[in-house]
Amino acid sequence: MLLQQLINGLTLGAIYSLIALGYTLVYGILTMINFAHSEVLMIGSFIALATGAAFSYGGVLVAVVVFIASMLGAGLLNVLIERFAYRPLRHISRLAPLISAIGVSIVLQNVVFLWVSTQSLRFPEIIPLTQYEIAGATVSSLQVSILAAALVLMAVLHYFIEHTKMGKAMRACSDDIETSGLMGIDSDKVIAMTFLVGGALGGAAGVLYGM
């Protein structure tokens, strides 16, 4: 029983970790909570649902296509939100982008209510379900896939932040965005990239949650 709950907790925790990373990337630079991040995750889930439904079979290749589509769509949506809802208000006050974020969240929710049926929708089986017995606990191929995908994404994010030029620029902006601008770093470009990466992680979490 303990091992089973440990496996269940790790699986759910892996999804929550990806969601939290998307939040904290934005907060670390702008010190602003992106309230629309949960809606970006929701859009990522629906992109995954639509993409997965286009295939009549599941497998690793289908899962990769679904992940790419969902992460790209959610990331670009997050960039658009930053460009039109947050950037014009960034220098007005700390409260204005926060109110705008809540407004974007409400708009996205209602747009999806109009677009999606009120009936329950079945998420496509993009990973064939297989169950294994380990020391009395049941582990599914779905749980293994979720843990593996989350760990890979976290490792890629770590490498991006620590070892790439853009990642170093993001860390610099996180320390002091004004001084970074004086040193030649394009803060608008860095912030847009941060929203893109944060949205992509949200989209990936949406796929995992849908699965």
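**Helix 2 and helix 4**

I began with the pair formed by helix 2 (residues 37-53) and helix 4 (residues 95-115), whose axes come within 9 Å and cross at roughly 25°. I took the axes as lines fitted to C-alpha atoms, for helices over the stretch in contact, with angles running from 0 to 180 degrees between N-to-C directions. Helices here are DSSP runs of H or I with at least four residues, strands are runs of E with at least two, and both are numbered from the N terminus. The crossing angle makes helix 2 roughly parallel to helix 4, given that angles under 35 degrees count as roughly parallel, over 145 as roughly antiparallel, 65 to 115 as roughly perpendicular and the rest as oblique. I noted the crossing of helix 2 and helix 4 as left-handed, a term used if the near helix is turned anticlockwise from the far one by less than a right angle, with clockwise giving right-handed.

On the helix 2 side I found E39, M42, I43 and F46 making the contact, and on the helix 4 side S105, L108, Q109, V112 and W115, where contact means heavy atoms within 4.5 Å. By class, the residues of this contact are six nonpolar, two polar and one charged; Ala, Val, Leu, Ile, Met, Phe, Trp, Tyr, Cys and Pro count as nonpolar, Asp, Glu, Lys and Arg as charged, and the others, Gly among them, as polar.

**Source of the values**

I am working from a predicted model, in which local features need pLDDT of at least 70 and side-chain atom pairs count only at pLDDT 80 or more, while totals for chains, interfaces and linings use all residues. Residues are numbered from 1 along each chain as its sequence is written, and side-chain values use heavy atoms, with hydrogens and water left out.

**Burial of helix 2**

I then looked up how covered helix 2 is, and found 12 of its 17 residues buried, which means under 20% relative accessible area, with exposed being over 50% and partly exposed in between (1.4 Å probe, protein chains only).

In the loop between helix 1 and helix 2 I looked up T31, which has a positive phi of about 45° although it is not a glycine. T31 is partly exposed, with a relative accessible area of 37%. M32 is found in that loop too, but M32 is buried at 8% and touches V26, Y27, Y86, P97 and F195, not counting residues up to four places away in sequence.

**Strand 2 into helix 5**

I placed S140 in strand 2 (residues 137-140) and S141 in helix 5 (residues 141-163). S140 counts as buried at 10% relative accessibility, and S141 counts as buried at 11%. Leaving out residues up to four places away in sequence, S140 touches L129, T130 and Q131, while S141 touches I127, P128, L129, T130 and Y132.

**Helix 5 and helix 6**

Lastly, I noted that helix 5 and helix 6 (residues 165-175) pack at an angle of about 75°, with their axes 5 Å apart, which makes helix 5 roughly perpendicular to helix 6. F160, I161, E162 and H163 of helix 5 make the contact with K165, M166, G167, K168, M170 and R171 of helix 6. I recorded this contact as four nonpolar, two polar and four charged residues.
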